[in-house]
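Hi everyone, thanks for coming.

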Amino acid sequence: MNEFNHKTVFVLDHTPYFGISCESPIDCDFIKSKAPIPPISKSLWTCAVEASVEYCRIAWDLFPSGKLIRFVVSDTAAHIVNTWNVSTQSLTHVMNAMSMVGVPPRQTQANDYSVIHGLRAAIEALAEPTDFQKEQLAGKEHAVYNLGRVICITSARDDASMKSLEDIFRTVLVQQNTISANHKDYLNIDRCHLVIINLYPANMESMVNNRSLIDISPILKSEIHSNKANRISNKLTHLILPHFDLASTTVTGIPMKEEQNASSSANYDVEIFHGSKAHSVFLGTELVLPHSIKDGSDYETVTLKWCTPRSCGSSEMQPCLAQCRVTPVDVTSRPSSCLINFLLNGRSVLLEMPKKSGGKITSHLLSAHGGEIFIHSLNTARSCLEEPPSISEGGGGRVTDYRINDFGQLMQMHRIVPLKPIPERTMDENLMKMRAKLGKNSRYWPLTLGTTILYNVRQFVEPILVLTHKPELTEEDVLQCQKTIFQLATLEGRQESLALPNMGHRLKGNKREEQYRLLWAELELYVSNSGTSPGHKAVLKCIRDCRSRAPIEISDKDDAAAAAAEAHRASVIRATTDSPMSPPHTMTAAVVDSSVAALLAGSSRSGKKLLGSGTKSLFDILATAERTQSQKRIDFSGRLCTPHGQVAKLYPNLGMKEDATPQGRQPDVK
């Protein structure tokens, strides 16, 4: 109840100016009279009273309790129409009091007519506690925040007059808080919302400009609206939406028989007000709220289409997300009356709205309960009352993409049991420890398999996933994690692709380099969020070193096999790239084996199992050895036989006669 709309005070200007006509004539027809009737026009006072009473009707229809509204009439003095007592919070009481007040006289000799008297009385009314606030004061469980709203309907000459009115209101508000501090029967006004509506006849122009809501002081905010008298009802109807957090819905396509011709029917529209929660629960879903601005108004309404009505039986009740009371905007119209009576007779109406993907969906339900009409926001997604989805469900829902088994293991790891309280143990100590553990282990926990690579290749990284859950890692745990990391680097060095299921990973064509890049990044993120112990830091450092240097770990048993495989691969490359006339290579598999064995021996003596020095990989080492051996080949024979400083002559025997052919060599056959 600590809201501005808990206490609202209307201050109605009853000065002689409000007795003039609003200059909006109304034509009247009488069936039994043939003589023409001249048009009639309401006074400014009548327009103000009707609009403020309609404001109360909407508020009290939607909020039967907790929203209190008072009226103060101001002329030569302030006249209190009702109090905060619930017995005076009714339209009957207010209308009877207004009929006794009557229309202000048009001519009078008194000069002390002013709306300021009513504003002073409104501030005093806000300082008076309501029954609910008295209960809060008696209980002393919560602090009582006294907030309220004052709606003043008056008429001013220009903006300077409005500014003077606000200054007087602010001064009186401060004075009232000073009095309330020393008076036990009054409450301090913590915050006040002042709404000033300037009213003038329809055939005139006002010098008062509209102004949006601004803060006048730390405890006062104010806004100004300037309206013609015949439009005051629409203005208050618009203001009540933000004041009470309401929303507008227009039900379209209501089939209704014509009043003059009962054999034919036409479709009508009915606008209703309700809590904004009936629409806000659909925000962020695939539903599109069809907003539009109604003719003659300046606020938005949501248009929903009428569906075939149903009976409101228990077998046809649907799960809903929210329900709010409903009241028609035009309570006297025939379509509104027919719709209300139709629902009060035990029928229910479904309402449709469009979807983003096309088509329509039933989103709301109008139904009556206990003589009151409610709008229900239906659940358009999978209902919790239905059967749970099958684990084997594949297409459509993609339920199989969720890490259901891993989630079950996570729950098993963090199962808690009640402990017997011990005076030495701090209350909830173990609970806080478990909460911290759960927070650490779930800091990085992908929900689906399609958003992770690490958990799709867990056969390669299982020791890391299991051991890093510990708060402290032993030396054996660190060595086992490092061994797993080196094995993963070996796979990358051998250019082996990761066998990933087709789960929609964010890979660019599932390239091998992209797979390993994402895997190393995710593995580093996982270990960095697992703990901060020295063991975790050592494992994390090993991962970062492998990412930067791309090392490959080879065990002692696989030394010869790995080196022989590399030498064989190099020989295959030479066989496919060298020309037939190229001289034979002097680097054989034995040389490669000896080179690799020497490197492995050197690395084992230094206590390092990673092949390579600095940023060199195994391939770089073998390529360097290849170039070293190629430099030891025998030089060109022509260059060896040519004296130093001379140019060797190619093909010296070219062009000699056949008889000069050396002995023992057969001439070429042409």
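**Helix pairs and a sheet**

Let's start with two helices, H3, residues 116-127, and H5, residues 159-181: their axes come within 10 Å and cross at roughly 35°. Keep in mind as we go that this is a predicted model. The crossing of H3 and H5 is a right-handed one.

So who touches whom here? On the H3 side we have Ile116, Leu119, Arg120, Ile123, Glu124 and Ala127. H5 answers with Leu165, Ile168, Phe169, Val172, Leu173, Gln175, Gln176 and Ser180. Sort the residues of this contact by class and you get 9 nonpolar, 3 polar and 2 charged.

From H11, the contact takes in Phe460, Val461, Pro463, Ile464 and Leu467. From H12 come Asp477, Gln480, Cys481, Thr484, Ile485, Leu488 and Leu491.

In what order do its 7 strands run? Reading across, it goes E3-E2-E1-E4-E5-E7-E6; the sheet is open, and the pairing is mixed. Strand E3 (78-80) and strand E6 (211-217) are at the edges with a single partner strand each, so one side of each has no neighbour in the sheet. On average, neighbouring strands are turned by 20° against each other, if you ignore direction.

Let's zoom in on one strand pair. E5, residues 191-200, and E7, residues 220-228, run in the parallel sense and share 9 bridges. For example, His193 has Lys221 in E7 as its bridge partner.

H1, residues 44-62, lies across E1 (7-13), E2 (68-74), E4 (147-154) and E5, and it runs at about 170° to E2.

Last, the overall picture. The protein comes to 18 helices and 17 strands, and 39% of its 670 residues are buried. Take the contacts with a separation of 6 or more: 70% of those are between residues 24 or more positions apart.

That's my tour, so over to you.

Key
Residues numbered from 1 in each chain as written. Predicted model: local features only at pLDDT ≥ 70, side-chain atom pairs only at ≥ 80, totals over all residues. Heavy atoms only, no water. Pairing = 2+ DSSP bridges. Helix = DSSP H or I, 4+ residues; strand = E, 2+ residues; numbered from the N terminus. Axes fitted to C-alpha atoms, helices over the stretch in contact; angles between N-to-C directions. Contact = heavy atoms within 4.5 Å. Left-handed = near helix turned anticlockwise from the far one by under 90°. Nonpolar A, V, L, I, M, F, W, Y, C, P; charged D, E, K, R; others polar. Buried < 20%, exposed > 50% of the residue type's maximum accessible area, 1.4 Å probe, protein only.
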